[in-house]
Amino acid sequence: MSTNTISKYKILSQAKESFSKAEYKSALDKFAQVLQNYPNSKEAFNGVILSEMAMSGEEGAEALFDYYEILREEEKEEADVIMGEILQSMDGSLEKLSEVFAEPLRERLEFEEGILYSDFKKILQEGGDFVETFENIMFSTRVIITSKEDFIDFLDKLIEHDFAQMALTYLENALSVYPSDKLLRKLLKKLAQGRNIEN
């Protein structure tokens with residue numbers, strides 16, 4: 001075992017100790033430190049999310065953490081997978097990661113956790129049905145959009161295929177970041193009109 005591996009386990013056990021003392025910020029920093037050096041460490045990854053949840057006052061983070069520890073005593077790798085799935089199915093916990101990581105790691109995670117919009121468009125160009133493709137992707141991963149043009153295109157397609165509510169949510173989020181953007185405002189108008197027709 002290299003000294004690195006030893007320090008990895010040492011920091012992980014310090015992180016867990018911090019967490020059990022309800023020192024979530026310290027736990028988060030230590031889990032994140034391990035993750036920076038070992039991007040594939042599922043235990044550190046899950047630890048980061050659990051610490052984030054606990055810090056934001058999420059009910060049940062402590063209980064989940066205890067459950068994770070019990071699972072790990074039985075079968076470490078299985079526990080990491082099960083916990084990852086639980087955390088992923090809890091809404092938005094992966095989104096919180098973006099606040100924690102340095103860019104390179106975050107990008108890497110995003111690419112592992114999602115499909116690029118350009119790939120999504122490729123599937124459509126090859127004759128994939130938008131609704132079916134989109135729903136399949138939404139259940140298993142997420143669409144990663146890296147340019148504004150793609151974002152607008154994506155919103156347009158959502159509106160066109162009756163995902164108006166979802167488009168509205170995306171739009172509102174985008175407008176909170178770019179409040180004066182003309183294109184986004186225009187789309188919001190289009191959506192509002194569409195909804196008037198429906199109602």
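The following legends describe close-up views of a predicted model.

**View 1. Helix 3 and the glycine that follows.** Helix 3 covers residues 42–55. Helix 3 is mostly covered, as twelve of its 14 residues are buried. Among these buried residues are F45, V48, I49, L50 and M53, together with the charged residues E43 and E52. Just after helix 3, G57 adopts a positive phi of about 75°.

View 2. Side chains of opposite charge can pair when their charged atoms come close. D29 and K25 form a salt bridge in which the closest N and O atoms are 2.9 Å apart. Both residues belong to helix 2, where they are four residues apart, about one turn of the helix. D29 has a relative accessible area of 40% and is therefore partly exposed. K25, with a relative accessible area of 47%, is likewise partly exposed.

**View 3. A network of salt bridges.** By the rule applied here, the model contains nine salt bridges. K16, E43, E69, R72 and D80 are linked in a network of such contacts.

**View 4. The salt bridge between E17 and K21.** The side chains of E17 and K21 meet in a salt bridge, with a distance of 3.4 Å from N to O. E17 counts as partly exposed because its relative accessibility is 45%.

**View 5. Two loop residues with positive phi.** Most residues other than glycine have a negative phi. A22 has a positive phi, near 65°, and lies in the loop between helix 1 (3–20) and helix 2 (24–37). At 44% relative accessibility, A22 counts as partly exposed. D162 also has a positive phi, near 65°, and is placed in the loop between helix 9 (148–160) and helix 10 (164–177). D162 has a relative accessible area of 69% and is therefore exposed.

**View 6. A patch of negative charge.** On the surface, E75, E77, E78 and E85 gather in a patch of negative charge. E85 is found in helix 5, which comprises residues 76–89. E85 is exposed because its relative accessible area, 53%, is over 50%.

Note on methods
Residues numbered from 1 in each chain as written. Predicted model: local features only at pLDDT ≥ 70, side-chain atom pairs only at ≥ 80, totals over all residues. Heavy atoms only, no water. Patch = residues over 30% accessible without salt bridge, like charges linked within 9 Å, V, L, I, M, F, W, Y side chains within 5 Å. Areas by Shrake-Rupley, 256 points an atom, 1.4 Å probe, with all protein chains shown as cover. Salt bridge = Lys/Arg side-chain N within 4 Å of Asp/Glu carboxyl O. Lys, Arg positive; Asp, Glu negative; His and termini not counted. Charge placed at Lys NZ, Arg CZ, Asp CG, Glu CD. Buried < 20%, exposed > 50% of the residue type's maximum accessible area, 1.4 Å probe, protein only. Expected span 1.5 Å × (residues − 1).
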